[in-house]
Amino acid sequence: MGQNLGGTGMSSTHFDTIVIGSGPGGEGAAMNLAKAGHRVAIVEAHPQVGGGCTHWGTIPSKALRHAAQLLDDYKRNPLFAQTMRQVHIDYPQLLGAAAAVIQDQVSTRYRYYERNRVQIIPGRARFADGHTLEVQQASGAVKALGGNHFVIATGSRPYRPPDVDFLHPRVLDSDLVLDLDHTPSGLTIYGAGVIGCEYASIFSSLGVKVNLVNTRDRLLAFLDDEITDALSYHLRDQGVVIRHNEEYEKVEPLDDGVVLHCKSGKKFKTDALLWANGRTGNSAAMGLEVLGIEPDHRGNIAVNETYQTVQPHIYAVGDIVGFPNLASAAYDQGRFAGTHIAEGFCDERLVRDIPTGIYTLPEISCLGGTERELTEQRIPYEVGRSFFRNLARGQITAHKAGMLKLLFHRETLEILGIHCFGHSATEILHIGQAIMAQPAPHNSIKYFMNTTFNYPTMAEAYRVAALNGYNRL
């Protein structure tokens, strides 16, 4: 796995590029540079590689969600319903399933780094000057590392307001919830963004009474209205109580629960509180200010189109640069930064339309414009829909809740937006993504009308939706 620098005192080792952080952005940069022949090191503060994505974010939450989906499927299946009534699954058991996935991911990444001769250096990095890092290791030893280029890929962490006591065992955020050692009878989630909605689905599937407190007037307002309406319906059907347009006044931890006081006068008392309102970039205590790199109020670093900071040899990628805050995008950003370092230029950019995947129950995935956006832009569009309850595959698998919605130009038939709600939505979306990315006239719904799909599959939802929309013209 590369040399592990130990010992005491200060010593210096020089690299072509040093990457700070081993999440998707750091991995993308390191692997690209290693394949270009650079001598690369990754500095990682956590005992294992993978970053927040692997240990606290994407992987554990999606593994939890998958386990919750399996549990829900068994409960609803008449072949297993009687047996499942006698089976009790709690939250720590779901966490155990997620832990196995995390270790598989970590082992895989170590193999990648070893194979490509990327050196892993444990410890916390701080810039001593523009070309030197001081890495403080767990033993207290400090190592000086020199580099020609640097890539900051330190990710983000949950935002913690100073007036909320996160040291109290009943007050959680999306990191702390992964250490919860019991299934609470009731949970209030403050913040109804992607993380809040996903955990509302997970806990409600375990029979937990969930209050989902939203600071806005609707869930996930960046999605198509029809999709968010469907999500709201299904969360409520699962027993989730949704409260819109609420703002917290204070959080009151007690011995027997937590009370969320809202400015509207409402109070929510449950066994625990999950704070899921915003994230902060991990840019503190890195010595950036002396280099003229000033993070904003949320800890994010400004970069140009090639991910360079105000110091051209220092790059930043992933959550630390803010939007779109997606693991998939972070990996590409890392690759593009690596290409720019290795070759001095990079013509590649993130695609205009980045797919969104939200792992609620059922899950959501979207790409392109919404009806609201297309209407505001005065683009003449039409809608084609396919409901999963009418598909043979949906009936066979008993995953009838959901739909595929295609938005397309009335005249050119160009696909303008794809919106999917239901089982395997994040997989189904990529079929449409491949066609939507083609140049005109190949990005038309006619592709789906004239293509033979396997039967029965969920993929044939595209043919049904395309014909449904075409018949409206």
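# Briefing: helix packing, fold dimensions and local backbone features

In this predicted model, helix α3 (residues 58-76) packs against helix α6 (residues 194-205) at an angle of about 40°, and their axes are 9 Å apart. The two helices are therefore oblique to each other, and their crossing is left-handed. Helix α3 also packs against helix α5 (residues 91-115), here at an angle of about 130° with the axes 8 Å apart.

**Contact of α3 with α6**

- On the α3 side, the contact is made by S61, K62, L64, R65, A68, L71 and K75.
- Helix α6 contributes E198, Y199, I202 and S205.
- Sorted by class, this contact of α3 with α6 holds five nonpolar, two polar and four charged residues.

**Contact of α3 with α5**

- The angle of about 130° between α3 and α5 makes the pair oblique.
- The crossing in which α3 passes α5 is right-handed.
- From α3, the residues making the contact are I59, P60, A63, L64, A67 and A68.
- From α5, they are Y91, L94, L95, A98, V101, I102 and Q105.
- By class, the contact of α3 with α5 comprises 12 nonpolar residues, one polar residue and no charged residues.
- L64 and A68 of α3 take part in the contact with α6 and also in the contact with α5.

**The chain as a whole**

- The secondary structure of the protein chain consists of 13 helices and 22 strands.
- For 473 residues, a compact globule would have a radius of gyration near 23 Å, and the 24 Å of the protein chain agrees with this.
- Taken along the principal axes, the C-alpha atoms fill a box of roughly 70 × 60 × 45 Å.
- Of the 473 residues, 51% count as buried.
- Among contacts between residues at least 6 apart in sequence, 63% join residues at least 24 apart.

**L404 in strand β21**

- L404 belongs to strand β21 (residues 402-409) and counts as buried because its relative accessibility is 0%.
- The C-alpha atoms of L404 and C420 are separated by 4.5 Å, although the two residues are 16 residues apart along the chain.
- Leaving aside residues up to four places away in sequence, L404 touches G384, R385, S386, F388, I418, H419, C420, A461, Y462 and A465.

**Cis peptide bonds**

- The peptide bond from A440 to P441 is cis, with omega near 0°.
- P441 is located in the loop between α11 (425-436) and α12 (446-449).
- Y455 and P456 are likewise joined by a cis peptide bond, for which omega is about 0°.
- The loop that holds P456 runs between α12 and α13 (461-470).

**Positive phi outside glycine**

- A285 has a positive phi of about 55° although it is not a glycine.
- A285 sits in the loop between β16 (279-281) and β17 (314-316), and its relative accessibility of 62% means that A285 counts as exposed.
- S424, a residue other than glycine, also has a positive phi, near 65°.
- S424 is placed in the loop between β22 (415-422) and α11, and at 24% relative accessibility S424 counts as partly exposed.

Methods: Residues numbered from 1 in each chain as written. Predicted model: local features only at pLDDT ≥ 70, side-chain atom pairs only at ≥ 80, totals over all residues. Heavy atoms only, no water. Axes fitted to C-alpha atoms, helices over the stretch in contact; angles between N-to-C directions. Helix = DSSP H or I, 4+ residues; strand = E, 2+ residues; numbered from the N terminus. Parallel < 35°, antiparallel > 145°, perpendicular 65-115°, else oblique. Left-handed = near helix turned anticlockwise from the far one by under 90°. Contact = heavy atoms within 4.5 Å. Nonpolar A, V, L, I, M, F, W, Y, C, P; charged D, E, K, R; others polar. Rg over C-alpha atoms; globule rule 2.2 N^0.38 Å. Buried < 20%, exposed > 50% of the residue type's maximum accessible area, 1.4 Å probe, protein only.
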